[in-house]
Amino acid sequence: EIAGRANPLAMLAGVRPSRFSANRLTVETTVEAFIAARGKKYRKEAERCFRRIADEGEVRFARAETPAEIDAAYAQLEAWQHVRHAEAGHVYSLDRPELSRFYRRLALDGAQGTPSPRFASIFTLSVAGRFVAILYGVEYGGAFTLLRIADAGDAWKHVSPGRLVVIETMRHMVGHGIRNFDMGIGDYPFK
C-alpha cells in the first residue's frame, strides 16, 4: 500500500526485491550549500547547465497544479519514458492501462479544486513553452521521493535538463519545509 491505496506494482507476477540501492539525501540548510558540498566540479557543472539552458529561451520551472496541467505533463512524461525504454530494449510496464491510471489518478488527487490533500506532484521544466524535463514524486512522512523522471532527449542533453529539474524540485520542496529526499533506485549519475 501507498498512503492506504493498493499499489498495483506489488501485484505483478514475478515481483521481487530490487537489486538497486536507494539514494537518500538530506539538505541541511540550502540547496545551494548542498550543491557546493558536492564539490567544485559538480557546482560548476550545475551552474554551466543553468546558463546554457537560459541561452535556449525563457526557462520556467513549475509544479503542475490544475487537472489540465497535470494531464499534459503526465502524458509527456509517459510518452518520453515509453520511447526511452523501447529504444533501450527494456520491458516497460508503467504505461500499461492499470498502472498509467494509478499514477495519473494519484497526481490528480489534491489538484486545484479537489478535496484530497496533495500526495503526488509533477514538476516541469520548460523552455520557450516546451517541456524539456518532467519529474514525478510523492511527499510522505516529511520526505520527497522521486518516482519517475524523463527529459526531451538528445537535443537537450547539453544542458542536463534532468539534473536541473531535480535541483529546482529540491529548491521548491526545501522552501516548503521538506529537507529529506529519496532519489529512488537506480545508479544514474544525477542521483
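# Salt bridges, sheet and ring pairs

Glutamate 168 is buried, with a relative accessible area of 18%. Buried here stands for under 20% relative accessible area, exposed for over 50%, and partly exposed for anything in between (1.4 Å probe, protein chains only). The model is predicted: local features need pLDDT of at least 70, side-chain atom pairs count only at pLDDT 80 or more, and totals for chains, interfaces and linings use all residues. Residues are numbered from 1 along each chain as its sequence is written, and side-chain values use heavy atoms, with hydrogens and water left out.

## Salt bridges

Side chains of opposite charge can pair when their charged atoms come close. A salt bridge is counted when a side-chain nitrogen of Lys or Arg lies within 4 Å of a carboxyl oxygen of Asp or Glu. That rule gives eleven salt bridges. Three of them are set out below.

| Salt bridge | Distance, N to O |
|---|---|
| Arginine 118 and glutamate 65 | 3.3 Å |
| Aspartate 109 and arginine 105 | 3.1 Å |
| Arginine 171 and glutamate 168 | 2.6 Å |

The salt bridge of arginine 118 with glutamate 65 links distant parts of the chain: arginine 118 is in the loop between α4 and β3, and glutamate 65 is in the loop between β2 and α3 (67-88), 53 residues apart. The helices (H or I, at least four residues) and strands (E, at least two) behind these labels are DSSP runs, numbered from the N terminus. Glutamate 65 has a relative accessible area of 25%, so this residue counts as partly exposed.

In the second pair, aspartate 109 is buried at 9% relative accessible area, whereas arginine 105 is partly exposed at 40%.

Arginine 171 and glutamate 168 both lie in α5 (residues 161-175), three residues apart, which is about one turn of the helix. Arginine 171 is partly exposed, at 28% relative accessibility.

Strands of a sheet pair through backbone hydrogen bonds, either parallel or antiparallel. Two strands are taken as paired if DSSP finds at least two bridges between them. Six strands make up an open sheet with mixed pairing, in the order β1-β6-β5-β4-β3-β2. At the edges are β1 (24-26) and β2 (59-63), each of which pairs on one side only. From one strand to the next, the twist averages 25 degrees.

Helix α4 (residues 97-108) packs on this sheet and touches β3 (120-127), β4 (130-140) and β5, its direction making about 80 degrees with that of β4. Contact requires heavy atoms within 4.5 Å. Axes are lines fitted to C-alpha atoms, for helices over the stretch in contact, and angles run from 0 to 180 degrees between N-to-C directions.

Strands β3 and β4 run antiparallel and are joined by eight bridges; leucine 125 stands opposite alanine 133 in β4. Their hairpin has two residues between the strands, and alanine 128 takes a positive phi near 50 degrees there. Strands β4 and β5 also run antiparallel, with eight bridges. Tyrosine 140 has alanine 143 in β5 as its bridge partner. The hairpin of β4 and β5 has two residues between the strands, and glycine 141 in the turn has a positive phi of about 60 degrees. By contrast, β5 (residues 143-151) and β6 (residues 180-182) run parallel, joined by three bridges. Phenylalanine 144 stands opposite phenylalanine 181 in β6.

## Aromatic rings

Rings of Phe, Tyr and Trp (its six-membered ring) pair if their centres lie within 6.5 Å; planes under 30 degrees apart count as stacked, over 60 as edge-to-face and the rest as tilted. The whole structure holds seven aromatic pairs. One of them is tyrosine 103 with tyrosine 136, edge-to-face at 5.4 Å centre to centre and 80 degrees between the planes. Tyrosine 103 is in helix α4 and tyrosine 136 in strand β4, 33 residues apart. Both tyrosine 103 and tyrosine 136 are buried.

Phenylalanine 119 and tyrosine 140 have ring centres 6.1 Å apart and planes at 80 degrees, so this pair is edge-to-face. Phenylalanine 119 lies in the loop between α4 and β3, and tyrosine 140 in strand β4, 21 residues apart. Phenylalanine 119 is buried, at 13% relative accessible area, whereas tyrosine 140 is exposed, at 60%. Ring pairs also link Phe61, Phe123, Phe144 and Phe181 into a cluster.

A charge sits over a ring if NZ of Lys or CZ of Arg is within 6 Å of the ring centre and within 35 degrees of the ring normal. The charged end of arginine 148 sits over the ring of tyrosine 103, 4.7 Å from its centre. Arginine 38 lies over the face of phenylalanine 34, at 4.1 Å from the ring centre.
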